[in-house]
Amino acid sequence: PLLFSLIGASVSVQFMEGRFVGKGLLILGVGLAVRLAVSVVCVWTPQFTWPERLFIAFAWLPKATVQAAIGGMALDAANAREGGPMAQEVAWGQQVLTLAVLSILVTAPVGA
């Protein structure tokens, strides 16, 4: 809970542009759908029934722990740059952090 609280507190709403959030959610949705389909194909054996295959596929969905752990690293690296941070790098770091938080909000409830 502390890790998720810290990552959520570091996100600024001003960086959540509608176009960026929409693209991020689209990419996240496509990635999750592909991951789900590939998971079902990976366990496509006569040993498993359809409900078991779907259970395994949903169990392999991300739980958002990695996103919370490394979501802010790009922003930290931009701010720790020698010679001072560049504005474009800080903006990219904010976008990576925002997308990490969006992926947490989408995948954590599904994967829990």
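Modeller: A salt bridge is a side-chain nitrogen of Lys or Arg within 4 Å of a carboxyl oxygen of Asp or Glu. This is a predicted model, in which local features need pLDDT of at least 70 and side-chain atom pairs count only at pLDDT 80 or more, while totals for chains, interfaces and linings use all residues. Residues are numbered from 1 along each chain as its sequence is written, and side-chain values use heavy atoms, with hydrogens and water left out.

Biologist: Which residue forms a salt bridge with Arg-81?

Modeller: The structure holds one salt bridge. Its closest N and O atoms are 3.3 Å apart. The partner of Arg-81 is Glu-89.

Biologist: Is Glu-89 buried or exposed, or partly exposed?

Modeller: Buried means under 20% relative accessible area, exposed over 50%, and partly exposed in between (1.4 Å probe, protein chains only). Glu-89 has a relative accessible area of 27%. Glu-89 is therefore partly exposed.

Biologist: Against which helix do the buried residues of α3 pack?

Modeller: Helices are DSSP runs (H or I, at least four residues), numbered from the N terminus. In α3 (residues 50-59), Arg-53, Ile-56 and Ala-57 are buried. They lie on the same side of α3, because they cover an arc of only 100° around the axis, taken from the directions from the helix axis to the C-beta atoms. The buried residues of α3 pack against α2 (18-42).

Biologist: Which exposed residues does the face of α3 turned away from its buried side carry?

Modeller: This concerns the opposite face of α3. The exposed residues there are Pro-51 and Phe-55.

Key
Helices (H or I, at least four residues) and strands (E, at least two) are DSSP runs, numbered from the N terminus. Contact means heavy atoms within 4.5 Å.
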